[in-house]
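Dear colleague,

Please find below the structure that I am handing over to you. My notes on its aromatic contacts follow.

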Amino acid sequence: MQSPRERSEVRPRAGWMVMGKRGRPSALDVCRVLAVFLSLFPTVSLQCKILKCNSEFWASTSNSGPEEEFCTALRAYNSCVRRTARTCRGDLAYHSAQHGIEDLMSQHNCSREGPTSQPRARTALPPPPPPLTPDSQERSDGPEMCHYERSLPRNTAPPNYTHCGFFGDPHLRTFGDDFQTCKVEGAWPLIHNKYLSVQVTNTPVVPGSMATATSKLTIIFKNFQECVDQKMYHAETDELPAAFADGSKNGGDRHGANTLRVVEKVPGQHVEIQARYIGTTIVVRQVGRYLTFAVRMPEEVVNSVEEGDDQDLYLCLHGCPANQRIDFRNFKARSAEAQSTGRPRSTAAQGFTYQSAKAKCKERLPVEDLYFQSCVFDLLSSGDINFTMAAYYAFEDVKMLHSNSKRYHIYEKDSFLNNAPQRGKDFLSLLLLNVLAVLLWIECCTAHL
């Protein structure tokens, strides 16, 4: 059997290829390319109803019945998913459902043609009594290949664990310990590799403010060898489940199922997902009305990307795009200036001055690092006192998940130095964009001559 280390060498698919030749592009061609490029930015409508399709399917198949009834329910599920295509095209749960339907159709020999509703209503049966013998939730942990550290070759150096956190307005700590404050409204991918994908949806905290916070979180664990089946975890505001979307709390029916577990720490507030087969721990919290995310993951798993997959959009790996970042220092300077000159503050921040926000954050975060600064930023930009606790818990998660105690605290000077290479890239990108604009202008002018 392949170990996770061996698996990381597999390259299952190639990237896009462009073939053929063309002459010099016209202004119209350039405009078309730009339009397509702009349409590909990650965003998703908040009207996606994929979870309704999922729940209807699970409800209709909760009691075992004839195979034809299952196929009928599966066709109905497929129709429901297809109806959501327009509003759900950027949603991980939607794409997971698509692949799941294909697998189930094949496994159960279901035809795509046929009835999509049951001939008679099915009466719901009472829940079964508790099992008398241990079920899959209590089985042994499974083979060694389903334990990341045990599966590594002997006499190798211990794995290097990395951390990513996403919380508040929102603030991002990348796997490389860069700390950024971002706008990123809508759906954005945090992580995507061979083993799992994580996506967040951020909504405005108050109307008219650039401040957003996470209201939805979807995590998909991909099936892996003899260890786990594919599982999806989905959380929303006021709905932090203690189980995966299918109701299970572990990785399914395979031998290593218990190396993937959902553990509820505080009902409705704190959930931990342990994925020992890839050496990963994920913490999801609800603080106030918004969600926070933190993960500890081996560097090897972080970098287990598929060939041709563009990783630039994954926030935990490369940070937020330059046009989505908010400069802490400028915001702090404006807030301090507004206070000293007596100018009116925004409606969101009416409850806090710069000094009162600092005093409130100091109660929970005595060290004036970037977690403290993010707390001050959130109070000033939103006026929501719950963001104090969001920053506090984010730092508590760092202490639990980060492998280097000397790197728990990050300060502005650290962030400035860490982001120096990125600032160089941003300058180059801006220069190239300006060159493209000039070329497009020249092309448009010559087209009209």
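Which residues form one aromatic cluster with F167? The cluster consists of F167, F179, Y371 and F395. Please note that the model is predicted: local features need pLDDT of at least 70 and side-chain atom pairs pLDDT 80 or more, while totals for chains, interfaces and linings use all residues. Residues are numbered from 1 along each chain as its sequence is written, and side-chain values use heavy atoms, without hydrogens and water.

The structure holds nine aromatic pairs (rings of Phe, Tyr and Trp, the last by its six-membered ring, with centres within 6.5 Å; planes under 30 degrees apart count as stacked, over 60 as edge-to-face and the rest as tilted). Helices (H or I, at least four residues) and strands (E, at least two) are DSSP runs, numbered from the N terminus.

F167 counts as buried at 2% relative accessibility, and F179 does so at 4% (buried means under 20% relative accessible area, exposed over 50%, partly exposed in between, with a 1.4 Å probe and protein chains only). The rings of F167 and Y371 are stacked, because their centres are 5.7 Å apart and their planes at 10 degrees. This pair links strand β1 with helix α12 (residues 370-382), 204 residues apart. Y371 is also buried.

Yours sincerely
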